[in-house]
Every structure is written in structure tokens, then in C-alpha cells.
Amino acid sequence: MQSNFRNHIAFNLIFWLIYFLYEWLGLAALSWQFNTYFINACMALPLSFVVSYATVHVLIKRYYLKSKKLKFWIFQISSSIILLLIRRCFNYFFIYPHFYPSAADLPLFYFPKLLIELVNLYLIVGVYALFYFVQYWYEQKQIVQILLQEKTTAELELLKSQVQPHFIFNTLNNIYATAFAKSPETAGLIAHLSNFLNYNLYESKQETVSLSSEISYIKHYIALQKNRYGDKLDASINMYDAIDELSIAPLLLLPLVENCFKHGVANSIGKSWIRIDLSKQKDEFTIKIENSIEEKDRSTLPKSSGIGLKNVKKRLQLLYPDRHELKIIEETYSFLVTLKIKICKQ
């Protein structure tokens with residue numbers, strides 16, 4: 001970041017120094033009027049810098065490249081007229097009377113002169129912008145090449161990573177068929193694990209999944225954890241509204257549920273509980289995930305710095321900017337996370 005800023009400053013210093021020397025020494029060499037052209041260069045430099053910088057770094061970047069073309073042209077034309085009049089008035093009332101008296105005989109708003117002033121003003125803007133557009137094109141080309149390389153690498157890694165999970169998934173299905181006849185309880189656990197892996201392998205690769213699929217995935221996870229903790233755990237999922245038509249980014253809710261086990265159930269000596277409530281209001285859904293904690297275990301709470309919560313916050317900022325609300329409430333014997341997301345219907 002600092003390197004780019006230094007390069008930006010260095011480029012501008014060199015570019016505008018060359019422009020100043022051209023306006024002064026380059027033009028003065030034709031008539032040897034160095035004092036006159038020095039004053040002209042001192043006048044031309046600030047105005048050219050302002051219009052060039054504003055056009056490239058403000059109007060083009062903030063409006064034109066972001067498809068706000070109407071605003072771009074309104075500001076561009078307005079600023080061009082204002083700066084053109086400033087340049088024309090400065091020449092007419094200061095430069096011409098002292099150095100070019102014959103030019104002062106022409107009207108202030110003489111169209112040919114205004115046209116020449118406009119061309120001179122925006123000629124340097126075009127040269128200045130050209131350097132940045134060439135640099136931008138080169139940077140974009142490099143980014144595309146890097147993305148293509150990363151995409152190829154990711155696809156190869158994905159293929160390699162799927163070999164073992166697919167083997168496990170298929171093996172679990174075979175074990176389930178064998179266990180079902182001898183131990184229905186064991187077969188049920190295998191089914192939960194199989195569905196858990198199936199979600200990870202297939203549905204989680206999509207940009208969005210149905211909210212009901214995400215909740216079903218969490219149910220499989222909780223069922224497997226219940227087998228581990230037995231009667232020690234009381235977990236419930238309560239859906240107060242229909243959510244079938246809603247969608248969400250996959251694997252967004254699991255870290256919040258995992259925290260319930262990692263920082264609540266796992267550290268509890270006695271019985272513990274987890275409660276998950278879902279409700280919907282128009283285009284927004286709310287999920288409340290609350291778990292019991294023992295007072296002595298408060299030091300183990302994830303708080304806002306926990307890795308799981310930190311990752312969830314980062315994903316929410318990327319996926320739902322200005323469309324989500326995450327609240328964390330720590331009480332004496334419970335830990336509550338409330339997440340509201342404005343989502344689109346499928």
C-alpha cells in the first residue's frame with residue numbers, strides 16, 4: 001500500500017515538473033520570452049493539475065467506472081465550464097494586458113479563443129489520463145493471470161481433496177446398509193454423518209443454499225454431538241415461520257453452533273442446553289443461538305475475538321454488506337448470538 005502511494009507521488013512530481021518545464025522553457029525557446037512564459041507556466045500548472053486530478057481520480061473512478069455516467073457528465077461539463085472561464089479570465093485580465101496587448105482587443109467570450117483554451121486545458125488531461133489507463137490495464141491483466149492460475153490450482157486441489165471424502169461417503173453408505181439390520185441406532189448415526197458429509201461435498205460448493213438445507217445440516221451436526229454427550233445435553237431447534245423459500249450462504253451458521261459446544265457444553269460438568277430459534281419478517285430472517293454456561297467457564301467464552309465469530313463477521317461483511325446485524329450478549333449463565341440477515345427469496 002505504501003509502495004503504491006510512493007509511486008503515485010513520484011509519478012505526479014515527475015509528470016508535472018516536465019509539464020512545467022515544457023510550458024516555460026519549451027515554449028519560451030521559440031521567442032526567448034522566458035519571463036512571460038514563466039508566469040504563464042505558473043498559471044497553467046495549478047489549473048491543469050486540478051482539472052487532470054479531478055477528472056481521473058474523482059470523476060472517472062467514482063462515477064464513470066461505477067456506471068454513474070449521468071453524474072459524471074454533469075460534473076465533467078460543469079467543472080470544464082468553470083475552469084475554462086477561470087483560465088480565460090486570468091489570461092484576458094492579467095496575461096494579455098501585460099504581455100500580449102493585441103489579444104486583449106478581442107471580446108472576453110470570443111468563441112475561437114474559448115475553444116483553443118479548452119483544447120489546451122484538456123490536452124494535458126488526456127496525456128495524464130493515458131498514463132493511468134495504461135497502468136490500470138497492465139494491473140488488470142496481471143490480476144486476470146493470477147486469478148486464472150489460482151483457479152487452476154484450486155480446481156486441482158479440489159479434485160485431490162475430494163478423493164478421500166468420496167471414499168468415506170460411499171463406505172459409510174455401505175456400512176449403513178449393514179448396520180441397519182443389526183443396530184438401528186448405529187445406522188441412524190451413520191446416516192447423520194453421511195448427510196453431514198454430503199452437504200460438505202456438494203451443497204456447500206454453491207453460492208447460496210436454501211435456509212432449510214442449512215438448518216437440516218445443523219440438525220445432523222447436533223444429532224452427532226448428542227450421541228457424544230448423551231443426557232448431559234438438551235438441544236432444540238424451533239422454527240416459528242416457514243423458511244423454505246429463503247436462501248443463505250452455505251456453512252454460515254455452523255461456526256455459531258460449534259461455539260455452543262466448544263465454549264459451553266464441552267466445559268460444563270453438569271447438564272447443559274442449546275436453543276436455536278428461527279423467525280422471519282418479510283425479507284429478513286432472525287436466528288438466535290443460545291447456550292448455557294457455567295459461571296466458572298466465562299473465561300473460555302469466544303467473545304468477539306474468537307476465530308469462529310471473527311470468520312463469521314468477515315463473511316457477513318463480504319456477503320451481506322449493510323444487510324446484516326450481529327449481536328452478542330453475554331449473561332451470567334448463558335451466551336446468546338442474534339443474527340439478522342436480509343435475504344432474497346429463491
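User: How many helices and strands are in the chain?

Analyst: The chain has eight helices and seven strands. Helices (H or I, at least four residues) and strands (E, at least two) are DSSP runs, numbered from the N terminus. This is a predicted model, where local features need pLDDT of at least 70, side-chain atom pairs count only at pLDDT 80 or more, and totals for chains, interfaces and linings use all residues. Residues are numbered from 1 along each chain as its sequence is written, and side-chain values use heavy atoms, without hydrogens and water.

User: How many aromatic pairs are there?

Analyst: Start with the rule. Rings of Phe, Tyr and Trp (its six-membered ring) pair if their centres lie within 6.5 Å; planes under 30 degrees apart are stacked, over 60 edge-to-face, the rest tilted. That rule gives 11 aromatic pairs here. Take Trp16 and Tyr19: the ring centres are 5.6 Å apart and the planes stand at 90°, so this pair is edge-to-face. Both residues sit in helix α1 (residues 2–31), three residues apart, about one turn of the helix.

User: Why is the pair of Phe49 and Tyr53 tilted?

Analyst: Their planes are at 35°, with centres 5.5 Å apart, so the pair counts as tilted. Phe49 and Tyr53 are about one helical turn apart, because four residues separate them in helix α2 (residues 34–64).

User: Are Trp16 and Tyr19 buried or exposed?

Analyst: Buried means under 20% relative accessible area, exposed over 50%, partly exposed in between (1.4 Å probe, protein chains only). Trp16 and Tyr19 are both buried. Phe49 is partly exposed at 33%, and Tyr53 is partly exposed at 30%.

User: Which residues form one aromatic cluster?

Analyst: Phe15, Trp16, Tyr19, Phe49, Tyr53, Tyr128 and Phe131 do.
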